Amino acid sequence: FNQPPADNVLTTWEKAYFVGAHANEAGAMMGRTLARWWRNNIDTADLNDDEAMQAVILTGPEDSKLSEEIITSCREALSAADISLSVIERESGDWDSVVAKEWMTKFIDTYKEDKKTKIEVVIAANDAMALGAIAALEANDYYKDHEPLPVVSAMATELGKYALAQGKLFSSVLNDPDLQGKVVAHLAYTLATGAPVNQETVGYEPTNQAIWLPLAVLEKQAPVEEDSSSAA
């Protein structure tokens with residue numbers, strides 16, 4: 001589950017199934033979210049008035065098919081929305097917040113005095129790298145002279161959801177782990193009892209021995225100050 005196997009693996013056994021979500025749909029959701037924000041906020045979003053969205057992209061390992069699908073489909077969704085994307089930096093954050101923070105710190109330093117090139121969005125293939133980028137932006141006082149720029153990602157981990165609740169992460173794409181676990185459990189029981197795998201038994205119709213689950217975009221909330229009087 002979660003990480004699709006090679007195309008020929010599932011065909012080796014009639015009871016081999018994959019349960020997960022389409023990585024390209026996660027990327028497309030990220031792209032559509034950014035496109036909507038750009039169109040609705042063009043006056044303040046386009047920091048250098050060049051009509052192009054200037055982005056930093058943080059990918060997973062260079063050989064990661066999952067990362068490549070997310071980033072490619074994000075860019076395709078922006079293109080489909082007629083948004084011009086200018087990638088000013090693209091590096092592998094290796095799925096890691098520390099690595100991503102190091103890269104983002106370098107990028108901030110590179111462009112802090114540049115009048116023509118501005119970091120306008122950050123696209124990260126997972127929440128950990130997005131949170132590393134946010135940590136770098138905060139550590140370098142980036143928000144002192146700039147409006148909080150959108151940092152978008154996928155996975156919607158617990159830390160990612162916390163950052164959304166704090167208004168720091170702009171959006172993340174949720175592949176619901178509870179739903180995935182339930183479907184895997186129903187599937188295992190169904191296969192063990194010899195029942196047919198279909199919507200009635202597992203909740204979803206399989207496609208070529210794969211069960212594809214829906215994704216959802218989670219977006220940031222307005223920062224909420226903690227009320228100390230409500231603490232237990």
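Trainee: Which residue does Glu158 form a salt bridge with?
Mentor: Lys161. The closest N and O atoms are 3.0 Å apart. Keep in mind that this is a predicted model.

Trainee: How far apart are Glu158 and Lys161 in helix α7?
Mentor: They sit 3 residues apart in α7, so about one helical turn separates them.

Trainee: Is Glu158 buried or exposed?
Mentor: Exposed, with a relative accessible area of 61%. Lys161 is at 30%, so Lys161 counts as partly exposed.

Trainee: How many salt bridges does a search of the whole structure find?
Mentor: It finds 6. One of them joins the side chains of Glu25 and Arg32, at 2.8 Å from N to O.

Trainee: What's the relative accessibility of Glu25?
Mentor: Glu25 is at 31%, which makes it partly exposed. Arg32 is partly exposed too, at 43%.

Trainee: And Lys112, which residue does it form a salt bridge with?
Mentor: Asp109. Their closest N and O atoms lie 3.1 Å apart. Lys112 has a relative accessible area of 52% and is exposed, because the cut-off for exposed is over 50%. Asp109, at 46%, counts as partly exposed.

Trainee: Switching to the inside. How many residues has the largest nonpolar core?
Mentor: It has 50 residues. Those with the most contacts inside it are Leu58, Met104, Ile119, Val122 and Ile123.

Trainee: What does Ile123 touch?
Mentor: Leaving aside residues up to four places away in sequence, Ile123 touches Met30, Leu34, Ala55, Val56, Ile57, Leu58, Ile71, Cys74 and Val152.

Trainee: What's in the second, separate core?
Mentor: That core has 8 residues, among them Val19, Val197, Val202 and Ile211.

Trainee: Now aromatics. How many aromatic pairs does a search of the whole structure find?
Mentor: There are 4. In one of them, the rings of Trp37 and Trp38 have centres 5.9 Å apart.

Trainee: Why is that pair tilted?
Mentor: Because the ring planes of Trp37 and Trp38 are at 55°.

Trainee: Are Trp37 and Trp38 buried or exposed?
Mentor: Both are buried.

Trainee: Which residues do ring pairs link into a cluster?
Mentor: Trp37, Trp38 and Phe170.

Technical notes. Residues are numbered from 1 along each chain as its sequence is written. This is a predicted model: local features need pLDDT of at least 70, side-chain atom pairs count only at pLDDT 80 or more; totals for chains, interfaces and linings use all residues. Side-chain values use heavy atoms; hydrogens and water are left out. A nonpolar core is a set of buried Ala, Val, Leu, Ile, Met, Phe, Trp, Tyr and Cys residues joined through side-chain atoms within 4.5 Å. Buried means under 20% relative accessible area, exposed over 50%, partly exposed in between (1.4 Å probe, protein chains only). Contact means heavy atoms within 4.5 Å. Rings of Phe, Tyr and Trp (its six-membered ring) pair if their centres lie within 6.5 Å; planes under 30 degrees apart count as stacked, over 60 as edge-to-face and the rest as tilted. A salt bridge is a side-chain nitrogen of Lys or Arg within 4 Å of a carboxyl oxygen of Asp or Glu. Helices (H or I, at least four residues) and strands (E, at least two) are DSSP runs, numbered from the N terminus.
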